[in-house]
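I opened this notebook to record what I looked up in one structure. The entries run from the chain as a whole to single side chains.

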Amino acid sequence: MKVLIARDLVKYHGGDLKVLSGASLSVETGEKIGLVGRNGAGKTTLLNVLAGGSEPDGGTVERVADAKIGMTSQELFVGGERSVEEEIVSAFEALIQREKELEDLESRISGDPSPRLLERYGRLQAEFDRDGGYEYRAKAASTLSSLGFEPADWKRPVGSFSGGEQSRVALAKLLLSEPDLVLLDEPTNHLDLKAIEWLESFVKNAKSAVLVVSHDRYFLDAVAGSILELDGGKLTRYPGNYTKYAAEKKARDEQLARKAKANAERREQLERFIEKNRAKATKAKQAKSKQRLLDRMGKVEGPKSGQKNVRVDLSAETARAGRVVLEMESVRYRHEDADEPLLEELGLVVERGERVALLGPNGTGKSTVMRLATGELRPQGGRVRLGNNVTPAYQDQQLARLDGGKTVLEEAMTATGLEAAEARDLLGAFLFSGDDVFKKVSALSGGEKNRLSLAEIVVSGANLLLLDEPTNNLDIPAREALEEALLGYRGTLFFISHDRYFLRKLATRVVELEGKKLTDYLGGYDYYRAHRRLDAKEGGGRTRQPRRRVRPGLDRRQNVVATRLVAVEGEIDATERRVARLEKELANSSLYADGERSRKVVTEHRQLKGVLEGLYEDWGELVQEAEEVGL
């Protein structure tokens, strides 16, 4: 059953810019749809039109059977003095009202047990039970626990929590209220990895239909049953999740390109024949026939290539740093207005050429660690030092180092030392063209500021990049361009990110900040996830201890387990390196010119990913065995 039908939507922005141009879609009960498109394509505008917050300039939006639509904005902070528990429970307002009505009827029946009141009470009680009236408080309590709120915090005002925690409350409240259709605009903004995983599970299991705008490819893979692409004001639907959409779109574009090429070649042949023979008496009749064929044939347009993407190149040689690039030893740090230290006895060593991801829940101090690494903050205990011949470049999450009072061009010239012409060339590669370079930095969107910051980093010559959420506000093509650039970077990378696609592609090592200290995972994001699953299975909620390094034991069984474990770890390392090389090859468009080679690479990549999953499972079982035999 359909809950919403939109036909031929037209919407102008600023009077003359047509954002929507004949966009049409329909949404079925309970289906989960991802909405993708470039920044500025009109995704948020479309959601506002569907929600009724903005009227279309053309076309219609039909909410079937008065379907209830709920929408979140990109900024989800709730605020206010209501407690977290009250805010969540308020999602069940209709049930709360019915509960009060039942209590009122019980009071009246005690003085007047008439058949009319008893019949009404019985009917309302059945409806209350059917709609989950006896379960909603337990559901609210379960949701609060899933959100990570301890019972001691349930009575605290929502406004006293962090932005990310407030966002979780707003999302949960909307989804618990179960409108017929939920419209989500970048719901993973401001959420940490744990909260994003919670949201994935919530969305997948929601009874409501969900239409979600997101640049989080991992999230779209997890929740979307189909993808809507908004391009040129029109919508195209692709079945499956984001990965399937990307593959299907690529295949469609390649097929269209082949058709356009064949069409152009055939048209050129006909035009040459007509031009050569139209004046010849013996060939004039044939030329006219070919002209009619040409007129009927029509022109096949190839895939759109007008959309430019950022061009990030970090492959230039950098100065060679010492082996140890960054070192933190017994670092202790406390904010001036805090009673307790945020970090304590924190240690970290980053070596030349590593790509180290710093993970952890919001509020644990990840950005503080980054600022300590840059020297922007000084520890109250321990020491932080950069290695020999290290030149760092830092992109903070808030992009605070950009000067809002300058124009884009002035900011780029000041930061890079380039002359105006060179700076304009650089900015052009990051999609600042024409009069865009004369905009004030303060007037830029979040994505534009991020692009400007990246442009400055590209020419910095730094051999250590410190990046705090570098993909924030970037659309998917820009994220992919940044990933490829960082894969080719010859220096060292230390970064914070909640983008799991980004993490999986880049991180060669993960450090997790929790409980004021860092835990080291000597592998990429999948390695980290395998460790975390194993820890959760073994720990049962206990405080996680650093795993002991496995060594050959004293008896025969210990030696056997240790030998097998070392062998599996070696296989994992070799397989991960082979997969990384194949992924680099797959990212090179020239591969696809050789059909046989591209098929071999794709097949081998798919097979190795399956082998890797099996190796991770074997590794987890062996680590459990190692614990059992006392290694």
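The entries below follow the order in which I consulted the model.

**Entry 1. Whole chain.** I note at the outset that the model is predicted. I looked up the extent of the C-alpha trace of the protein chain and found about 105 × 80 × 60 Å along its principal axes. The secondary structure of the chain comes to 19 helices and 18 strands. Of its 631 residues, 44% count as buried. I then turned to contacts between residues at least 6 apart in sequence, and 69% of these join residues at least 24 apart.

**Entry 2. The open sheet.** I traced an open sheet of six strands with mixed pairing, in the order S5-S6-S7-S3-S8-S9. Strand S5 (69-71) and strand S9 (234-239) each have a single partner strand and stand at the edges, so one side of each is left without a neighbour in the sheet. From one strand to the next, the twist averages 20 degrees. Within this sheet I examined the pairing of S3 (residues 32-36) with S7 (residues 209-213), which is parallel and runs over four bridges. Which residue of S7 is the bridge partner of Ile 33? I found Leu 211 in that position.

**Entry 3. A helix across the sheet.** I next followed helix H9 (residues 242-277), which lies across S3, strand S8 (226-231) and S9. H9 runs at about 110 degrees to S9. I also recorded a cluster in which ring pairs link Tyr 238, Tyr 242 and Tyr 245.

**Entry 4. Helix H3.** I checked the length of H3 against expectation. At 1.5 Å a residue its 19 residues should span 27 Å, and the end C-alpha atoms are 28 Å apart, which agrees. The buried residues I listed in H3 are Leu 95, Ile 96, Arg 98, Glu 99, Leu 102, Leu 105 and Ile 109. I asked which helices the buried residues of H3 pack against. They pack against H2, helix H4 (115-130) and H5.

**Entry 5. Aromatic pairs.** I describe a pair of aromatic rings by the distance of the centres and the angle of the planes. My count of aromatic pairs in the model comes to nine. For Phe 92 and Tyr 136, the ring centres are 5.4 Å apart and the planes at 40 degrees, so the pair is tilted. This pair links distant parts of the chain, 44 residues apart: Phe 92 is in the loop between helix H2 (84-89) and helix H3 (93-111), and Tyr 136 is in helix H5 (residues 136-146). Are Phe 92 and Tyr 136 buried or exposed? I found both Phe 92 and Tyr 136 buried. Tyr 521 and Tyr 528 are both buried.

**Entry 6. Arginines over rings.** I looked for charges over ring faces and noted Arg 156 over the face of Phe 161, at 3.9 Å from the ring centre. Arg 451 lies over the face of Phe 432, at 5.0 Å from the ring centre.

**Entry 7. Helix H11.** Last, I consulted helix H11 (residues 366-374), where the buried residues are Lys 366, Thr 368, Val 369, Met 370, Leu 372 and Ala 373. Just after H11, I found Gly 375 with a positive phi of about 90 degrees.

Note on methods
Residues numbered from 1 in each chain as written. Predicted model: local features only at pLDDT ≥ 70, side-chain atom pairs only at ≥ 80, totals over all residues. Heavy atoms only, no water. Pairing = 2+ DSSP bridges. Helix = DSSP H or I, 4+ residues; strand = E, 2+ residues; numbered from the N terminus. Axes fitted to C-alpha atoms, helices over the stretch in contact; angles between N-to-C directions. Contact = heavy atoms within 4.5 Å. Phe/Tyr/Trp six-rings, centres within 6.5 Å; stacked < 30°, edge-to-face > 60°. Buried < 20%, exposed > 50% of the residue type's maximum accessible area, 1.4 Å probe, protein only. Lys NZ or Arg CZ within 6 Å of the ring centre and 35° of its normal. Expected span 1.5 Å × (residues − 1).
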